[in-house]
Amino acid sequence: MTDDRRSAGAPTLEDVARAAGVSRATVSRVINGVRNVDPAIQEVVRQAVSVTGYAPNRAARSLVTRRADAVALVVSGAGVEAEPGAGAAAGDGGSFTAQVFADPFFGRVVTGVVDYLRPRGVHPVLMFAETSRARDEVVAYLRQGSADGALVVSTHAGDPLPGLLAEAGLAAVLFARPARP
C-alpha cells in the first residue's frame, strides 16, 4: 500500500505518530489512557489526533478487547407469531413494531437505556424478537459477539427468549413490562 493511498483514507496511528513526532506505541498509550506518558507528550498527541482527524477503528479494537461496545436492546413479543408482513396492513398500528413504537412505556425504557449507555461509549442495537425465527436471530447475533449482552424488554409472561439466552450462556438482563399500568 502506498503512502498516497494511506493518506487518502482514514488516518492511522502511524499518521498521528508522524504528526506528533512520537512513536506509534506512545500514540496507542495516550489513546488508550495509559498513565505513564508525560502530560506534555499527551497534549501533543491529542493535538495530532485532532489535526489528523484520527478515530480508533472499532472493529480492530474489538479484536483486542473482545468487546463490541454495544448492547442489544431486545423487545421480545412472545406469542405474537405472525411473520413480518403477514396480517396487519402497513401503517394500521397492528404490526408488532408499530405497537412498540406507539407505546409510551417503550419510549421511557429507550430514553433510560440511551442516557445510561451513551456517556460510556456503548451503543444500543435495537432488535425485535416477536417470532421464534427472530428469537433465534437474537441468540445468533449475541453468540457472534456482535453485542456484549442484551437488555430484554419482555411483553409476555411466557416469553421463551430469556430461557434461550440463559441456555446459551449469554449475558442478558430481563426488563419485563408491568402487567398493569
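Start by selecting F101, which is exposed at a relative accessible area of 53% (exposed is over 50%, buried under 20%, partly exposed in between, with a 1.4 Å probe and protein chains only). The model is predicted, so local features need pLDDT of at least 70 and side-chain atom pairs pLDDT 80 or more, while totals for chains, interfaces and linings use all residues. Residues are numbered from 1 along each chain as its sequence is written, and side-chain values use heavy atoms, with hydrogens and water left out.

Searching the whole structure gives four aromatic pairs (Phe, Tyr or Trp rings, the six-membered one for Trp, with centres within 6.5 Å; planes under 30 degrees apart are stacked, over 60 edge-to-face, the rest tilted). F101 belongs to helix 6 (residues 96-102) and F128 to strand 2 (residues 123-129), so the pair ties together parts 27 residues apart in sequence (helices are DSSP runs of H or I, at least four residues; strands are runs of E, at least two; both are numbered from the N terminus). F128 is partly exposed, at 21%.

Next, select F105 and F175, a stacked pair with 6.0 Å centre to centre and 20° between the planes. F105 is in helix 7 (residues 104-117) and F175 in strand 4 (residues 172-176), 70 residues apart. F105 is buried at 15% relative accessibility, whereas F175 is partly exposed at 42%.

Then show F96, F101, F106 and F128 together; they form one aromatic cluster.
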